[in-house]
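Hi,

Here is the structure I said I'd pass along.

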Amino acid sequence: MTDKRRKISTTALKIIVSVALTYFIFTKINFSDVLEVLKRAKAGYLILAILLFIISKALNAFRLNLYFHAIGVQLTQISNLKLYLLGMFYNLFLPGGIGGDAYKGYVIQKKYRSGTKKVVAVLLLDRLSGMLFIFIYACLLAIFLPDNTFLGYNWLLGLAIPIGIAGFWFLNKIWFSYTLKAFWGSFIYSGILQATQLLAVVCILRALSITLNEIAYLFVFLISSIVSVVPLTIGGIGSREVTFLYGAKWLGLNADSSIAISMVFFLITALVSLFGIYHHFNKPRLEVIADQ
């Protein structure tokens, strides 16, 4: 099978899975009830959620640039932000043609010849660094879930955090030692950006007038973020909503509100990512820091 046919097949499969999951969701809930929740959304909180989401993505780009610098690609922050925004656009709107990470890796390798393995490695480590803090915050929120959901396992959740951090550090140390100098910087960026994104979700909750079980909703959001990374759907469409649906049933949350949260977060992601279309038609000029 040629690369072109493989890409077409992959895109078709993702579309089918996304449509199937979306259809499944709306057979389980009343869509008109979800719309009623959305109609009551408070604009002020939505605007604040958008701003916080943008900040989280800027921090995400800064974290990735730490890894680029670690392999000798001294991109300026402005160039990196432009490339990152373009990658967001490709990830969401052109997933079958050329994914955002694939494009960034291609451009960096073509221009700076840093080595394909190293470029792929830092893109992977950037993702894993983000996943690490999603895992950490999920463990922390799980401890404080109402009704003692994880009763008897709180000690295990607490122990999982230092084990996860140590495990990721050793992963960097053993197989990607050339990126080790970026480890703690990326660790700090990950902690701040994931906290910022959680604050964005809190604003979404406020916008939708959801004041009960906030910790549970935030926990489900983190789990959905992990699930949505699995490349089975278009931009996580369907997979995130299914996670919210079953998370709501598991934790006794309102299913309509849960789906509404997921939909609002996706719309914010799509809105911000859409601005990357400018750099699709006007490819960003990558510049390096002076005297590097």
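Let me start with R206, which is partly exposed at a relative accessible area of 30%; here buried means under 20% relative accessible area, exposed over 50%, and partly exposed in between (1.4 Å probe, protein chains only). The R206 side chain meets that of E214 in a salt bridge, 1.9 Å from N to O. By salt bridge I mean a side-chain nitrogen of Lys or Arg within 4 Å of a carboxyl oxygen of Asp or Glu.

Before the rest, some housekeeping: this is a predicted model, so local features need pLDDT of at least 70 and side-chain atom pairs count only at pLDDT 80 or more, while totals for chains, interfaces and linings use all residues. Residues are numbered from 1 along each chain as its sequence is written, and side-chain values use heavy atoms, with hydrogens and water left out.

Searching the whole structure turns up five salt bridges. One of them joins D101 and R127 at 3.1 Å, N to O. That pair links distant parts of the chain, with D101 in helix α5 (residues 100-112) and R127 in helix α6, 26 residues apart. Helices here are DSSP runs (H or I, at least four residues), numbered from the N terminus. D101 is partly exposed at 22%, and so is R127 at 37%. K104 joins these two in a network of salt bridges.

E36 and K39 also pair up, at 3.7 Å, N to O. They sit three residues apart in helix α2 (residues 31-39), so about one helical turn separates them. K39 counts as exposed at 63% relative accessibility, whereas E36 is partly exposed at 37%.

Now to α9 (residues 214-229): its 16 residues reach 23 Å from first C-alpha to last, close to the 22 Å expected (1.5 Å times one less than the number of residues). Its buried residues, including E214, Y217 and F221, pack against α6 (116-143), α8 (183-207), α10 (239-251) and α11 (255-274).

T243 has a relative accessible area of 15%. Leaving aside neighbours within four places in sequence, T243 is in contact (heavy atoms within 4.5 Å) with V220, I223, S224 and V227. After α10 comes G252, with a positive phi near 70°.

Tell me what you make of it.

Cheers

Key: Helices (H or I, at least four residues) and strands (E, at least two) are DSSP runs, numbered from the N terminus.
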